[in-house]
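Q: Please go through this structure with me, and for each label tell me what it rests on.

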Amino acid sequence: MKILRVSCSPRGQASESYRLSQRIVGFLLKSEPTATLIDRVVGDGAIAHIDAPYAVSQHSSVDMSQEGSASCSNELIRELESSDVVVIATPMHNFTVPSTLKAWIDHVVRVRRTFNVSPEGKIGMLRDRPVFVAVSSGGRYSGERARQPDFLTPYLKAVLGIIGLHDLTFFSVQGAAFGPDAVAEARTRTDQALQNYFSSFRL
Ligand SMILES: Cc1cc2nc3c(=O)[nH]c(=O)nc-3n(C[C@H](O)[C@H](O)[C@H](O)COP(=O)(O)O)c2cc1C
């Protein structure tokens with residue numbers, strides 16, 4: 001079994017979303033001790049924005065190039081295709097995903113490769129698999145104490161759905177900007193949710 005983790009915070013391993021993803025990976029490895037973990041770090045801006053030939057290819061009937069973004073896209077898609085479980089560690093930035101995660105998405109949501117276009121709309125080409133999303137946010141975006149919109153959750157559901165990934169489960173540590181007590185409270189609540197979820201989780 002292969003676990004692909006995509007970590008998207010500019011704070012790397014010091015980030016709250018990475019910390020939460022570590023908890024998720026820990027539960028996955030407990031249920032599948034022989035699983036391998038592939039770490040794809042994008043939070044440092046390692047993935048460039050897409051180039052012109054790639055952009056043209058997305059609305060053409062053939063690829064314009066196999067170099068540049070297409071080559072990066074090939075590598076990222078192969079990595080995604082060969083995974084059995086995906087863990088995305090991401091902060092909320094401006095109500096949605098950080099631009100580093102968006103850059104990864106632009107490379108893996110690719111016509112003729114991960115989705116096809118039909119008169120009925122886009123059809124995903126990837127085999128479905130569990131995707132865990134570990135989110136950290138400064139404020140709160142769900143529950144009674146939410147004071148901001150959430151474009152992150154619906155966006156990830158929609159965009160990953162296009163390529164065939166529908167089995168998404170979200171965990172979050174919200175309110176990280178409200179001080180250590182708020183973080184401790186959020187971590188405890190999320191830990192409980194993780195334990196409840198993984199007590200009956202089987203791959
Ligand atoms: C550019 C930027 C935009 C942000 N926008 C939001 C936001 O819209 N909502 C929110 O709750 N927090 C926002 N934050 C705060 C982060 O979500 C918060 O610090 C989070 O805990 C960071 O997670 P990390 O440690 O995994 O990077 C923003 C932070 C940055 C740097």
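A: In this predicted model, S15 sits in the loop between β1 (2–7) and α1 (16–31).

Q: Why is S15 called buried?
A: A residue is buried if 20 or more other C-beta atoms lie within 10 Å of its own. S15 has 21 other C-beta atoms within 10 Å, so S15 is buried.

Q: What is S15 in contact with, leaving aside its neighbours within four places in sequence?
A: S15 is in contact with S9, P91 and S136.

Q: Where is S136, and what makes S136 count as buried?
A: S136 belongs to strand β6 (residues 131–137). S136 has 26 C-beta neighbours inside 10 Å, and the cut-off is 20 or more, so S136 counts as buried. Leaving aside neighbours within four places in sequence, the contacts of S136 include S15, E16, S17 and P91.

Q: Which residues does UniProt list for "binding site"?
A: The unreviewed UniProt entry lists S9, S15, E16, S17, S136, S137, G138 and G139.

Q: How many residues surround the ligand, and which are the closest?
A: There are 17 residues around the ligand, and the closest are S9, S15, S17, P91 and G138. At least two residues of this shell come from α1, and at least two from β6.

Q: What classes of residue make up the shell around the ligand?
A: The shell has ten polar, five nonpolar and two charged residues.

Q: How many residues are in the largest nonpolar core, and which have the most contacts inside it?
A: The largest nonpolar core has 41 residues, and I24, V86, V87, I88, W104 and A134 have the most contacts inside it. Two or more residues come from each of β1, α1, α3 (68–81), β3 (85–91), α4 (99–108), β6, α5 (152–162) and β7 (168–174).

Q: Which residues does A134 touch, not counting residues up to four places away in sequence?
A: A134 touches S17, L20, S21, I24, V87, I88, A89 and F171.

Q: Why does V87 count as buried?
A: V87, in strand β3, has 24 C-beta neighbours inside 10 Å; buried takes 20 or more, so V87 counts as buried.

Q: How do you know that V87 and I24 are in contact?
A: Contact requires C-beta atoms, placed from the backbone, that lie within 7 Å. I24 is among the contacts of V87, as are I3, R5, S21, V25, F132 and A134, leaving aside neighbours within four places in sequence. The C-alpha atoms of V87 and I24 are 7.8 Å apart in space, and the two residues are 63 residues apart in sequence. The contact rule uses C-beta atoms.

Q: What makes F132 buried?
A: F132 is in strand β6. With 24 other C-beta atoms within 10 Å against a cut-off of 20 or more, F132 is buried. Not counting residues up to four places away in sequence, F132 touches I24, V87, T169 and F171.

Q: Why is β1 said to be mostly covered?
A: Five of the six residues of β1 are buried.

Q: How do you know that β1 and strand β2 (residues 36–41) pair?
A: Strands pair if DSSP finds at least two bridges between them. β1 and β2 have six bridges, in the parallel sense, so they meet the rule. R5 has D39 in β2 as its bridge partner.

Q: What makes β4 (115–118) and strand β5 (residues 121–124) a pair?
A: Four bridges link β4 and β5 in the antiparallel sense, and at least two are needed, so they count as a pair. N116 stands opposite I123 in β5. The hairpin joins β4 to β5 through two residues.

Q: Why is F95 called partly exposed?
A: F95 is in the loop between β3 and α4. F95 has 14, so F95 is partly exposed.

Q: What stands out about the phi of F95?
A: Phi of F95 is near 70 degrees, a positive value in a residue other than glycine. Most residues other than glycine have a negative phi.

Q: Where is R112, and why does R112 count as partly exposed?
A: R112 is in the loop between α4 and β4. R112 has 14 C-beta neighbours inside 10 Å, which falls between the two cut-offs, so R112 counts as partly exposed. R112 is not a glycine, yet has a positive phi of about 70 degrees.

Notes
Residues are numbered from 1 along each chain as its sequence is written. This is a predicted model: local features need pLDDT of at least 70, side-chain atom pairs count only at pLDDT 80 or more; totals for chains, interfaces and linings use all residues. UniProt positions are given in the numbering used here, feature names are shortened, and annotations may be inferred rather than shown by experiment. A residue is buried if 20 or more other C-beta atoms lie within 10 Å of its own, exposed if 12 or fewer, and partly exposed in between; C-beta atoms are placed from the backbone. Two residues are in contact if their C-beta atoms, placed from the backbone, lie within 7 Å. A residue is near a molecule or strand if its C-beta atom, placed from the backbone, lies within 6 Å of it. Ala, Val, Leu, Ile, Met, Phe, Trp, Tyr, Cys and Pro count as nonpolar, Asp, Glu, Lys and Arg as charged, and the others, Gly among them, as polar. A nonpolar core is a set of buried Ala, Val, Leu, Ile, Met, Phe, Trp, Tyr and Cys residues joined through C-beta atoms within 7 Å.
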